[in-house]
Amino acid sequence: MRFYRPTWAEVNLANLAHNFRQIKKMISPQTKIMVTVKADAYGHGLIPVAKKVVSCGADFLGVASVDEGIKIRVGGINIPVLVLGAILKKDIPPVLNYNLTPTICDEDFSLALNRLAGKRNKKVNVHIKVDTGMGRVGVMPQEAERMVEKINKLHFINIEGIFTHLASADTDKDFTFYQIDIFNQLIQRLRNKGIAVPLIHSANSIGTINYKNSHFNMVRPGLVIYGLYPKKGLKINLKAVLSLKTKVVFIKRVPAGYSISYGRTYFTKKPTTIVTIPIGYGDGYPRNLSNRGPVLIKGRCFKICGRICMDQIMVDVGDLNVKIGDEAVLIGNQGRKRICAEELAELAETIPYDIVCGLGNRIPRIYT
Ligand SMILES: *Cc1c(COP(=O)(O)O)cnc(C)c1O
């Protein structure tokens with residue numbers, strides 16, 4: 001890939017495979033893995049990530065929308081793809097054309113799907129989404145039983161899966177157990193009626209690691225596959241997949257008391273060297289890391305000085321002997337120093353998901 005602004009993200013597919021294997025070790029051999037690749041595989045690049053996890057043995061891919069599902073098919077990947085979000089009825093044709101598995105949250109949608117699938121004389125697999133406490137898409141547990149019974153009678157629909165989503169597996173053990181319990185009760189009631197849904201799933205990353213009883217027979221990890229920890233202290237050895245790098249494109253000496261960037265929020269304390277690096281909030285680097293974000297240059301850690309601009313960031317490197325073209329690392333390793341996305345998230349008062357998903361299209365992804 002050719003690009004002329006020296007700002008890029010390195011995506012280490014060997015680390016991705018390592019993380020996949022770590023997850024595989026934590027689950028029983030019969031349990032399937034759906035790798036969540038929504039939002040361009042959490043900013044890591046949909047197709048290369050999807051291809052890699054398929055080669056590692058992923059059973060399913062999870063996406064947010066029909067559009068993301070289409071990209072996977074156009075990219076030449078044929079394993080089952082579950083669209084996790086709700087779909088409008090008008091968008092059923094591409095679901096059928098691209099052989100995507102829709103999530104079903106209401107009866108109306110399933111009737112429309114059945115009708116269109118019938119016209120093509122094609123049986124379509126679906127997964128039923130139950131809301132056990134997330135309050136997002138999904139049928140309420142008390143209505144789910146009746147709905148599943150009805151959908152189960154539709155000729156061109158095969159209920160392949162049923163699932164729910166944990167709302168606070170990172171912070172609230174009681175509520176997580178409550179959600180799993182509600183879900184279990186529903187599965188049991190359906191079994192009593194003779195409806196045994198083949199795939200049952202509820203575990204996100206933390207569920208996969210900390211709640212074995214949330215596994216059922218498929219897990220849906222996202223963040224951990226990318227080597228990021230959704231919370232501290234998880235007992236799993238992950239390797240971060242993404243590094244964010246750029247190069248020093250401008251250097252100058254400025255006197256003491258010189259102000260840097262918009263709004264003049266930073267003043268130099270002594271004569272010093274200010275370098276400019278070509279990345280900014282227009283690339284998804286969080287603007288609220290102004291005067292806070294760390295940057296590695298020549299194996300040392302410096303702080304961003306002044307406000308982050310749309311396309312450029314300044315760093316006060318003191319008396320460091322820098323040259324144009326020296327590498328600057330915003331996420332990843334340099335020498336013995338390291339900046340992780342989790343640390344940036346904490347500084348930016350957000351979550352690691354937000355940091356990696358936010359990285360824009362303007363940043364080329366290089367696969368290693
Ligand atoms: C995003 C998502 C996941 C994966 O969550 P992580 O916390 O990244 O593991 C799983 N299931 C659903 C329904 C999701 O939307």
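A residue is taken as buried when its relative accessible area is under 20%, as exposed when that area is over 50%, and as partly exposed in between, with a 1.4 Å probe and protein chains only. By this criterion, 53% of the 368 residues of the protein count as buried. The model is predicted, so that local features need pLDDT of at least 70 and side-chain atom pairs count only at pLDDT 80 or more, whereas totals for chains, interfaces and linings use all residues. Residues are numbered from 1 along each chain as its sequence is written, and side-chain values use heavy atoms, with hydrogens and water left out.

The protein contains eleven helices and 20 strands, where helices (H or I, at least four residues) and strands (E, at least two) are DSSP runs numbered from the N terminus. The C-alpha trace spans about 80 × 45 × 35 Å along its principal axes. Among contacts (heavy atoms within 4.5 Å) between residues at least 6 apart in sequence, 66% join residues at least 24 apart.

Strand S17, formed by residues 313-318, is mostly covered, six of its six residues being buried. In a regular strand, side chains alternate between the two faces of the sheet. In S17, Ile-313, Val-315 and Val-317 point one way, Met-314, Asp-316 and Gly-318 point the other way, and all are buried. Strand S14 (residues 272-277) runs antiparallel to S17 and is joined to S17 by five bridges, pairing being assigned if DSSP finds at least two bridges between two strands. Within this arrangement, Ile-274 stands opposite Asp-316 of S17.
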